[in-house]
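Hello,

Here is the structure we talked about handing over. Have a look at it first, and then read on for what was found in it.

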Amino acid sequence: MEQYNLSDRYITAISDEKAITTKDLQVHYGANHAIFDANLEFPRFKITSLIGASGSGKSTFLRCLNRMNDKIAQVDGQILYRNVDINSNKINVYEVRKHIGMVFQRPNPFAKSIKENITFALKNSGITNKNELNERLETSLKSAALWDEVKDNLNKSALALSGGQQQRLCIARSIAMRPDILLLDEPASALDPISTSKIEETLKNLSKDYSIIIVTHNLQQASRISDYTAFFHLGHIIEYNKTVNVFTNPKMQATEDYVSGNFG
Ligand SMILES: Nc1ncnc2c1ncn2[C@@H]1O[C@H](COP(=O)(O)OP(=O)(O)OP(=O)(O)O)[C@@H](O)[C@H]1O
C-alpha cells in the first residue's frame, strides 16, 4: 500500500448549522489506536458519507457518535451535541440513543409483528397512548417508504418481510423514536440493487427532517446521496469536503487514489 503523510489533511469547515461535532476524538482497542484526532463537524439536515478502505476506522468512528463503543473501546475527546459533550461519563447513554439512532448493516428486526417492531421501544420509553402509538407507527412507516407495502399486514411477522423491507422497517423503528440524527452502517450492503435504490431514495427524503451519517463502501452510493463526504485512511480523516469536491477534485493524493480505485 502507498505510504502517505498521515498528518496532511484537508478538512473543510461547515457553514451550515451543525448536527454534531467531534473534537480530538481518539479511539483505542487495547493497544490498537483505531482513530486519531478526529475533528469533524456534521451539518444538520444533510447526508454525510464516511468512506475508506476496510479497517480504516469508519464504523468505529460512527459507533462513537451514539456511545456504542463504550464497552469495547477507550474513546477520548469530545462529541458535542447541542452544546453538550455526550462523550462525558456523566451522560445517560440511553438518552443519547433516543436523539441519535443507529441502523446496522444487516437488517435486525425483532421476531415480532411489524407493528410491535415499531411500538416496542416506544412503549418502553413510556408512550402508552394508543392514538400516539398508531400515529407514530403510520408516520414512521410512511417516512421509511414502507407503509403502502405493509399497511394491511401490520400484525404479520417482521421476519416474513424481504431483506430490503426489513431494512426499511429498521429505519422506521429508528425514526419512530424521533431522533435528530440517524447513523447508518452500510445499510444497503446486504441488499439487491432495487432494494438499495429504495433505501437511497428513502434516505434522501429523510434528510429533509434528519441529519444522516452513513458508512458506505459503495462510492457511487456516496456520490449519489450524500452532501458531504469524509475519507478515512488508517484511522485518520484525510479529507472532508462537499461530496462533489471529494469525488471530482480531491485535494489529497490518498483520497484521489481511493476514489479512482488505485488502492483497495
Ligand atoms: N470490536 C473490536 N475490537 C477490537 N478491535 C476492533 C474492533 N472493531 C474494530 N477494531 C479494529 O479497529 C480498526 C478499525 O476498524 P473498523 O471496523 O472501524 O474499520 P472500518 O473502516 O469500518 O472497516 P470495514 O469497512 O471493514 O467495516 C481495525 O484495526 C479493526 O481491527
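Predicted model: local features only at pLDDT ≥ 70, side-chain atom pairs only at ≥ 80, totals over all residues.

**What was found**

E149 lies in helix α5. The C-alpha atoms of E149 and T12 are separated by 41 Å, and the two residues are 137 apart along the chain.

L146 sits in the loop between α4 and α5. Is L146 buried or exposed? It counts as buried, because 23 C-beta neighbours fall inside 10 Å. Not counting residues up to four places away in sequence, L146 touches L141, Q165, R168, L169 and A172. L146 and Q166 are 20 residues apart in sequence, yet 9.4 Å apart in space, C-alpha to C-alpha.

**The core**

A172 also turns up in the largest nonpolar core. That core has 65 residues, and the members touching the most others are A172, L182, I212 and I213. Helix α6 (residues 163-176) supplies the largest share of this core, six residues. As for I213, its contacts beyond four places in sequence are F42, T48, L50, L62, L65, I181 and L183.

Helix α3 covers residues 114-124, and its buried residues are I114, N117, I118, T119 and L122. They pack against α4, α5 (147-150) and α6. Just after α3, G126 takes a positive phi of about 105°.

The other helix is α7 (residues 193-206). How far apart are its end C-alpha atoms? They are 20 Å apart, which agrees with the 20 Å that its 14 residues should span at 1.5 Å a residue. In α7, the buried residues are K198, I199, E200, T202, L203 and L206. You will see charged side chains in that list, K198 and E200. The cover over the buried residues of α7 includes β4 (47-52), α4 (130-143), α6, β8 (181-185), β9 (211-215) and α8 (219-225).

**Around the ligand**

The residues surrounding the ligand are Y29, N32, A34, G52, S54, G55, S56, G57, K58, S59, T60 and I72. Two elements give two or more residues to this shell, β3 (32-43) and α1 (58-64). Of these, α1 gives the most, with three residues. By type, the shell divides into three nonpolar residues, eight polar and one charged.

**V75**

V75 has its place in strand β5 (residues 74-81). It is buried, because 21 other C-beta atoms lie within 10 Å and the cut-off is 20 or more. Leaving aside neighbours within four places in sequence, V75 is in contact with V27, C64, N69 and N87. One of these, C64, is eleven residues from V75 in sequence and 7.4 Å away in space, C-alpha to C-alpha.

**Two backbone angles to check**

Which residues other than glycine have a positive phi? E186, with phi near 45°, is one of them, and L234, with phi near 50°, is another. E186 is found in the loop between β8 and α7, while L234 lies in the loop between β10 (228-233) and β11 (236-242).

**From the record**

UniProt, in an unreviewed entry, lists residues 20-259 as "domain: ABC transporter". In the model, the end C-alpha atoms of that span lie 26 Å apart, and the span is 38% helix and 27% strand.

Best wishes

Technical notes
Residues numbered from 1 in each chain as written. Core = buried A, V, L, I, M, F, W, Y, C linked by C-beta atoms within 7 Å. Buried ≥ 20, exposed ≤ 12 C-beta atoms within 10 Å, placed from the backbone. Helix = DSSP H or I, 4+ residues; strand = E, 2+ residues; numbered from the N terminus. Contact = placed C-beta atoms within 7 Å. Expected span 1.5 Å × (residues − 1). Near = placed C-beta within 6 Å. UniProt positions renumbered as here; feature names shortened; annotations may be inferred.
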